[in-house]
Structures are given as structure tokens and as C-alpha cells.
Amino acid sequence: SFRKVIQHARSNVILAHIRLATKGKCCPENCHPFNFWHLNRDWLFAHNGTIPIDYPTHVDGSNDSARAFSFMMDKIKEYLEGGRFRGIYPAVKHATKELLETYKGTLNYLLSDSNALFTFCNYRKMYMLRREKDYGGAILISTQKLTKDNWVEVPKNRVICMLNGEIFVLSDKIE
């Protein structure tokens, strides 16, 4: 049914996640992507890895991914309120760094504010593939190579910001 649904999907960002469920109860509330209306944007978050985090959640989920997402949303807001000229990309980078410094863990994520797609990888490998579609370019991201095409490994420990099927910003290493 996923293939059928995805053929009709039209959006700047589409997230799908198959959860291994290493932490937290197996229930619909803990399924990704998590969705949260925040800062006048519709945010989505999917994560794999394990983060030993004790943080209140803003979403229905109660696993480490829901808690990490809530932490990042709070840190993004905190960063944006910290000065006159602030942007979403540096706020996401700041939140990622704060999360890793505060709760040492493994973190692969996909995060979107409905306009841009942010990705970060310090855990298992992630891969990117550029595709041209009838409606424009697209970048596919996966933890596995899904086709025989030339998938490129996502650089470790860097926040990548993608807009309209193009890599817009690639951060320096975050460690």
C-alpha cells in the first residue's frame, strides 16, 4: 500500500519511517514520523538510534525519539529567540549539537519544517540519491540502498539542509 500511496503524494517533503522499536512501547503513539505544530510551521521528525533522554514530550509518543524531537523543538525555539537575526538552519544545527552534548547517544534523523528537509547521521549509514521527476528534482534518503542506482553515503556528523530537491547547506562536523 505504501507504493500506491507514494505514487500520488505531492509535497516538497515526504517522510516515511519503518520503526525497529528498540526503545519504548510498541504502540501507534510511538510511531514515526512525529508531527508537531511549532513556530507557525508543521514539523516532522523520524529518528533511528538510541538516546538516553529524560525529557518531557510535546507529542503523543513516549519513546526516546519523541523526547529527542521535543528537546530539539525547544532548543530551536530558544535559539531563534536569542537574537535579532536568526534562521532555521542554524537553529537546527544548534539543537542537534545541544542534544548530542546533553544526551550522548546514537542519532540518525530526518527533520522537516514543511519547507526544508534536515538530516543528520552519526549512527548507521544513511544514503542519498538524486532523482529527477516530472514535477522536479528530488533527493531520496534511506538507511539502505533501495535500488541499484548510484547512492551516495550521507556524511557523518553533519547537518544537511535540503530545499527543493537540492542540498542547500552542509555543516561542518558536529562532534
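Of the 175 residues in the protein chain, 42% count as buried, where buried means under 20% relative accessible area, exposed means over 50%, and partly exposed lies in between, with a 1.4 Å probe and protein chains only. Please bear in mind that this is a predicted model, in which local features need pLDDT of at least 70, side-chain atom pairs count only at pLDDT 80 or more, and totals for chains, interfaces and linings use all residues. Residues are numbered from 1 along each chain as its sequence is written, and side-chain values use heavy atoms, with hydrogens and water left out.

Along the sequence, the pattern reads α-β-β-α-α-β-β-β-β-β-β-β. Contact here means heavy atoms within 4.5 Å. Among the contacts with a separation of 6 or more, 53% are between residues 24 or more positions apart. The accessible surface amounts to about 10,200 Å², with 49% of that belonging to carbon and sulfur atoms; the areas come from the Shrake-Rupley method with a 1.4 Å probe, and for residues only the protein chains shown count as cover.

Let me turn to the aromatic residues. How many aromatic pairs does the structure hold? There are six, counting rings of Phe, Tyr and Trp (its six-membered ring) whose centres lie within 6.5 Å; planes under 30 degrees apart are stacked, over 60 edge-to-face, and the rest tilted. One of the pairs is Phe 36 with Phe 69, edge-to-face at 6.4 Å centre to centre and 80° between the planes. This pair links distant parts of the chain, since Phe 36 belongs to strand E1 (residues 34-38) and Phe 69 to helix H2 (residues 64-80), 33 residues apart. Phe 36 is buried at a relative accessible area of 17%, and Phe 69 is buried at 0%.

A further pair joins Tyr 55 and Phe 71: their ring centres are 5.1 Å apart and their planes stand at 75°, so the pair is edge-to-face. Tyr 55 sits in the loop between strand E2 (41-48) and H2, and Phe 71 in helix H2, so parts 16 residues apart in sequence are tied together. Both Tyr 55 and Phe 71 are buried. Ring pairs also connect Phe 36, Phe 45, Phe 69, Tyr 109 and Phe 120 into a cluster.

Next, the cysteines. The structure holds zero disulfides, a disulfide being a pair of cysteine sulfur atoms within 2.5 Å. Cys 121 is buried, with a relative accessible area of 0%, and Cys 161 is buried at 4%.

Asn 157, in the loop between strand E7 (152-153) and strand E8 (160-163), is buried at 16% relative accessible area. Leaving out residues up to four places away in sequence, Asn 157 touches several residues, including Phe 120, Cys 121 and Glu 175.

Ser 171 is found in the segment after strand E9 (166-170) and is buried at 2% relative accessibility. Beyond its neighbours within four places in sequence, Ser 171 contacts Tyr 89, Lys 93, Arg 158 and Val 159. Where does the backbone nitrogen of Val 159 lie? That nitrogen is 2.8 Å from a polar atom of the Ser 171 side chain.

Definitions and conventions: Helices (H or I, at least four residues) and strands (E, at least two) are DSSP runs, numbered from the N terminus. A polar contact is a pair of N or O atoms within 3.5 Å; within protein, one must be able to donate a hydrogen and the other to accept it, and residues adjacent in sequence count only if both atoms are side-chain atoms.
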